[in-house]
Amino acid sequence: MRSKHFFFTAVVVILLGLLIYLISSNGGRTYTWNEHYKELSKGPYGLAVVFKLLKAQAKTEKFTLLKKRVNKALPTEPTEKSNYVFVGAGQFLDSADVQTLLTFVYNGNDAFIATQVLPFRLMAKLYPKTCKE
């Protein structure tokens, strides 16, 4: 009788331990919940899916990840139509970058900026008048 009780208790303890391990291990997947917006990361804030979709939608082979400043990378002369996409926590644009970006859009191109805070200089150009309270 005593051995049956010990065996039953041991099995219950092992099953509980296994259950706790399975719940806490999350199936072997770990995620970084820091906002990093890395282009190849498949994590919650990674942009791997966005990159894959943008590359698939590109009509040509010209899909470029810009590493330079906006005023050095975007064309200011009207050429073939293109898109500029920025996704990140914030973007620093000086006055030359803002002017280049606005000229780029004025020439018929598209710009999409997804950020928590729109750059101040760009905001001032897009909305020159402040709201009255």
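Helices are DSSP runs of at least four residues, numbered from the N terminus, and Val98 lies in one of these, helix H4. The legends below describe close-up views of a predicted model.

**View 1. The largest nonpolar core of the predicted model has 9 residues.** Its members are Val70, Leu74, Tyr84, Phe86, Leu93, Val98, Leu101, Phe104 and Leu122. Strand E1 (83-90) and helix H4 (95-106) are the elements that give two or more residues to this core. The most comes from H4, with 3 residues. In soluble globular proteins, nonpolar side chains tend to be buried together.

View 2. Val98 is buried, since its relative accessible area is 1%.

**View 3. Arg69, Asp94 and Asp97 are linked in a network of salt bridges.** The side chains of Arg69 and Asp94 meet at 2.1 Å, N to O. Because Arg69 lies in the loop between H2 and H3 and Asp94 in the loop between E1 and H4, this pair ties together parts that are 25 residues apart in sequence. In the salt bridge of Asp97 with Arg69, the closest N and O atoms are 3.3 Å apart. Asp97 belongs to helix H4, and 28 residues separate it from Arg69. Arg69 is partly exposed at 40% relative accessible area, whereas Asp94 is buried at 19% and Asp97 is buried at 2%.

**View 4. A salt bridge joins the side chains of Lys67 and Glu39.** The N to O distance is 3.7 Å. Lys67 is in the loop between helix H2 (48-57) and helix H3 (70-73), and Glu39 is in the loop between H1 and H2, 28 residues apart. Lys67 counts as exposed at 68% relative accessibility, while Glu39 is partly exposed at 25%. The whole structure holds 3 salt bridges.

**View 5. Tyr37 and Tyr45 form an edge-to-face pair.** The structure holds 1 aromatic pair. The ring centres of Tyr37 and Tyr45 are 6.0 Å apart and the planes stand at 75 degrees, so the pair is edge-to-face. Tyr45 is partly exposed, with 27% relative accessible area.

**View 6. A nonpolar surface patch covers about 630 Å².** Phe7, Val11, Leu15, Leu18, Tyr21 and Leu22 make this patch. Leu15 lies in helix H1 (residues 2-25) and counts as exposed at 52% relative accessibility.

Methods:
Residues numbered from 1 in each chain as written. Predicted model: local features only at pLDDT ≥ 70, side-chain atom pairs only at ≥ 80, totals over all residues. Heavy atoms only, no water. Phe/Tyr/Trp six-rings, centres within 6.5 Å; stacked < 30°, edge-to-face > 60°. Buried < 20%, exposed > 50% of the residue type's maximum accessible area, 1.4 Å probe, protein only. Patch = residues over 30% accessible without salt bridge, like charges linked within 9 Å, V, L, I, M, F, W, Y side chains within 5 Å. Areas by Shrake-Rupley, 256 points an atom, 1.4 Å probe, with all protein chains shown as cover. Salt bridge = Lys/Arg side-chain N within 4 Å of Asp/Glu carboxyl O. Core = buried A, V, L, I, M, F, W, Y, C linked by side-chain atoms within 4.5 Å.
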